[in-house]
Amino acid sequence: QKAQSASAAAGDSAGGELQVLSHGFKCTSAVYLQRRPNAHSVCATSRLEAAKDDYRIHCEELEKQLIELQHRNDELTSLAEESRALKDELDVLRICSDRVVMLEASVETYKRKLENLGDLKRQVKLLEENNMTYMQNSVSLEEELRKANAARAQLESYKRQVKS
């Protein structure tokens with residue numbers, strides 16, 4: 001079409017309207033149409049063919065854009081699905097993370113209880129040792145008491161013999 005406009009402008013300066021057809025035909029609207037009776041239909045056909053070619057090129061460009069946009073849409077759909085999957089995974093990991101925090105707190109509690117258990121075991125051992133010492137003292141004192149009672153009984157018996 002640009003070539004037609006340039007040629008038409010050149011034809012105007014020569015004294016008539018010159019039109020370049022898509023197949024290289026030139027027609028001056030007034031002069032050419034008078035010489036050939038079907039020239040008008042040739043010019044119209046040429047214009048229609050040129051427009052048809054322009055629309056075909058435009059259609060091909062639009063089809064290419066459509067294909068590109070469909071590919072882009074497929075990519076974005078895939079990315080959206082991947083994003084949803086990652087979001088779901090992140091939600092699961094957050095729940096796991098919360099559970100890990102809770103379990104770590106439980107582990108710390110159990111560690112403290114184990115430390116206290118060690119202290120309690122040492123205290124029990126000390127108490128057992130003290131208990132053993134007290135039992136030995138008790139047995140020893142019971143033995144001394146038995147001896148003292150025996151000695152007292154003998155002393156009483158000597159006192160009675162001395163009185164009699």
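**Exercise 1. Burial and surface**

Find what share of the residues in the chain is buried, and how much accessible surface the chain has.

Solution. Step 1: the model is a predicted one, and its chain holds 164 residues. Step 2: a residue counts as buried when its relative accessible area is under 20%. Step 3: buried residues make up 5% of the chain. Step 4: the accessible surface of the chain comes to about 14,300 Å². Carbon and sulfur atoms account for 57% of that surface.

**Exercise 2. Order of the elements**

State how many helices and strands the chain has, and in what order they run.

Solution. Step 1: the chain contains three helices and two strands. Step 2: read from the N terminus on, the order is α-β-β-α-α. Step 3: helix α1 covers residues 2-13, while helix α3 covers residues 39-163. Step 4: consider contacts between residues at least 6 apart in sequence; 25% of them join residues at least 24 apart.

**Exercise 3. Confidence along the chain**

Determine where in the chain the confidence is lowest and where it is highest.

Solution. Step 1: the mean pLDDT of the chain is 82, and 76% of the residues score at least 70. Step 2: confidence is lowest in helix α1, with a mean of 40, and highest in α3, with a mean of 94. Step 3: across residues 1-28 the pLDDT is below 50, and this stretch has 38 contacts in the model beyond near neighbours in sequence.

**Exercise 4. A network of salt bridges**

Identify the residues linked with E60 in a network of salt bridges, and describe the bridge between E60 and R56.

Solution. Step 1: the network links D53, R56 and E60. Step 2: in the bridge between E60 and R56, the closest N and O atoms are 3.4 Å apart. Step 3: both residues belong to helix α3 and are four residues apart, about one turn of the helix. Step 4: partly exposed covers the range between buried, under 20%, and exposed, over 50%. E60 is partly exposed because its relative accessibility is 36%. R56, at 42%, is partly exposed as well.

**Exercise 5. Two further salt bridges**

Describe the salt bridges R94 to D91 and R146 to E143.

Solution. Step 1: a search of the whole structure finds eight salt bridges. Step 2: one of them joins the side chains of R94 and D91, at 3.7 Å from N to O. These two residues are separated by about one helical turn, because they are three residues apart in helix α3. Step 3: R94 has a relative accessibility of 48% and therefore counts as partly exposed. D91, at 28%, is also partly exposed. Step 4: between R146 and E143, the closest N and O atoms are 2.1 Å apart. R146 and E143 are three residues apart in helix α3, so about one helical turn separates them. Step 5: E143 is partly exposed, with a relative accessibility of 32%.

**Exercise 6. A nonpolar patch**

Name the residues that form a nonpolar patch on the surface and give their accessible area together.

Solution. Step 1: the patch consists of L114, L117 and L120. Step 2: together these residues have about 290 Å² of accessible area. Step 3: L117 lies in helix α3. Step 4: L117 is classed as partly exposed because its relative accessibility is 39%.

**Exercise 7. Cysteines**

Solution. Step 1: a disulfide is a covalent bond between the sulfur atoms of two cysteines.

Conventions. Residues numbered from 1 in each chain as written. Predicted model: local features only at pLDDT ≥ 70, side-chain atom pairs only at ≥ 80, totals over all residues. Heavy atoms only, no water. Patch = residues over 30% accessible without salt bridge, like charges linked within 9 Å, V, L, I, M, F, W, Y side chains within 5 Å. Areas by Shrake-Rupley, 256 points an atom, 1.4 Å probe, with all protein chains shown as cover. Salt bridge = Lys/Arg side-chain N within 4 Å of Asp/Glu carboxyl O. Buried < 20%, exposed > 50% of the residue type's maximum accessible area, 1.4 Å probe, protein only. Contact = heavy atoms within 4.5 Å. pLDDT = per-residue confidence, 0-100.
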